[in-house]
Amino acid sequence: MKNEISYKDIKEKYEPYLQRVYKHLHQYPELSTEEYETQRFIENELQKLHIPYRKMANTGLCAEIHGEQPGKTILLRSDIDALPITEQTNLEYASKNEGAMHACGHDAHITVGLGVGAFLQERKGDLKGTVKIMFQPSEEVHPGGAVRMIEEGVLENPKVDAAICVHTNPYLLPGQFEVKDGYMLASSDRIYISLIGKGGHAAAPHQSVDAIAMAGQFISSIQNIVARQVSPLDKAVVTIGEIKGGYTSNAIADRVDLAGTVRTIDNGTQDAIEAKIEALLHSITNFWGGTYTYEFERGYPATRNDRNMTQLAKEAALTSIGKDSMIELENPYMSGDDFVYLSQSVPSVFIYWGTGTVDKECFPWHHPKFHVNLTALNYGVALTTQLILSYLNEESS
């Protein structure tokens, strides 16, 4: 087997297969922990490809390609769950499962996993070492499926030496990738807050404690935590994404419920923001005469890329795609992913992979009009396959 792969190699032989797989998966999304039909589809494809596998974490699988030459073991993570979103793309292969959509590209991640598997299984006679392809459920819902698969031994027998994840990015075009040495993604925490006042008539606000007024002051003030109490050289985001409160136009609300997210890179900043939010809540409710409840739920930690794996990814992009295909980021993305639990266990690299379309509006992840350019599938398989071969053929230090 030649050790240099071009995206043209993938396009010529596997493009129809990749598009068929992707379109099927996109039409039949399943929510976190409910990926039974997705698991069955992957299982059937692996059987056709004669790739051994085992079921894990209830709805997940781990496939293994055993090279006929001794070597290291590398793992490719492909998450498989969808989101509770009603699709609005009008694609001919749009979701047929009402209220569910692959709006983050996990269907494309599965497709890459199967494409890489198909390519390497055909050439296992010349393959050094072992390739595990981890089809992981429940990435979208904390604590995620990665931890459970690790607990069930996905990193053992044989022991995994390194891990890879490629993730769709609608803001990049096919053939473009992004990577960063060091922190690539942020921690993703959740906050749940209730501001509790005293209801009353809108004509006599002085006889009440207005929970909506407290919420308004809190929402406008919370941004000052990042703007004025976090170093401008640090990275942090605080977003309130949900607000519920009030009954009617002429009544003072006695309660407002808020939910949001906090994204940080530094653990000290994470701790400080958690404490500052509570201090702000105490101050505002004390001023108004109300009370509050507050929960800061720790989510996925920040994801850090290994230096050697990052360099190998850059070299793989140059080999398989060409010059300037890999963009080196200056700053991490503030999104989060449970791939972090793999990166904490073995040297790993998380790569963003271009799936946008020229002259077509690109909608962000988790948007009902999110879409994946089908030509991007060839590039995703090419880069990932090349990176796997580069790692397995790398001389041990």
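## Exercises on a predicted model

In this predicted model, the chain has 9 helices and 16 strands.

**Exercise 1.** Determine how the radius of gyration of the chain relates to the globule rule.

*Solution.* Start from the radius of gyration, which is 23 Å. For 397 residues the globule rule gives 21 Å. The two values are close, so the chain is as compact as a globular protein of that length. Along the principal axes, the C-alpha atoms fill a box of roughly 80 × 45 × 45 Å.

**Exercise 2.** Describe burial, surface and contacts in the chain.

*Solution.* Of the 397 residues, 54% are buried.

**Exercise 3.** Classify the ring pair of Tyr333 and Trp365, and state which parts of the chain the pair ties together.

*Solution.* The whole structure holds 11 aromatic pairs. In the pair of Tyr333 and Trp365, the ring centres are 6.3 Å apart and the planes stand at 80°, so the pair is edge-to-face. Tyr333 lies in the loop between β15 (326–328) and α8 (340–343), and Trp365 in the loop between β16 (348–354) and α9 (376–393), so the pair ties together parts 32 residues apart in sequence. Ring pairs also link both residues with Tyr171, Phe339, Phe350 and Tyr352 into a cluster.

**Exercise 4.** Locate the rings over which Arg123 and Arg304 lie.

*Solution.* Arg123 lies over the face of Phe119, 3.7 Å from the ring centre. For Arg304, the charged end sits over the ring of Tyr183, at 4.8 Å from its centre.

Note on methods. Residues numbered from 1 in each chain as written. Predicted model: local features only at pLDDT ≥ 70, side-chain atom pairs only at ≥ 80, totals over all residues. Heavy atoms only, no water. Phe/Tyr/Trp six-rings, centres within 6.5 Å; stacked < 30°, edge-to-face > 60°. Helix = DSSP H or I, 4+ residues; strand = E, 2+ residues; numbered from the N terminus. Lys NZ or Arg CZ within 6 Å of the ring centre and 35° of its normal. Rg over C-alpha atoms; globule rule 2.2 N^0.38 Å. Buried < 20%, exposed > 50% of the residue type's maximum accessible area, 1.4 Å probe, protein only. Contact = heavy atoms within 4.5 Å. Areas by Shrake-Rupley, 256 points an atom, 1.4 Å probe, with all protein chains shown as cover.
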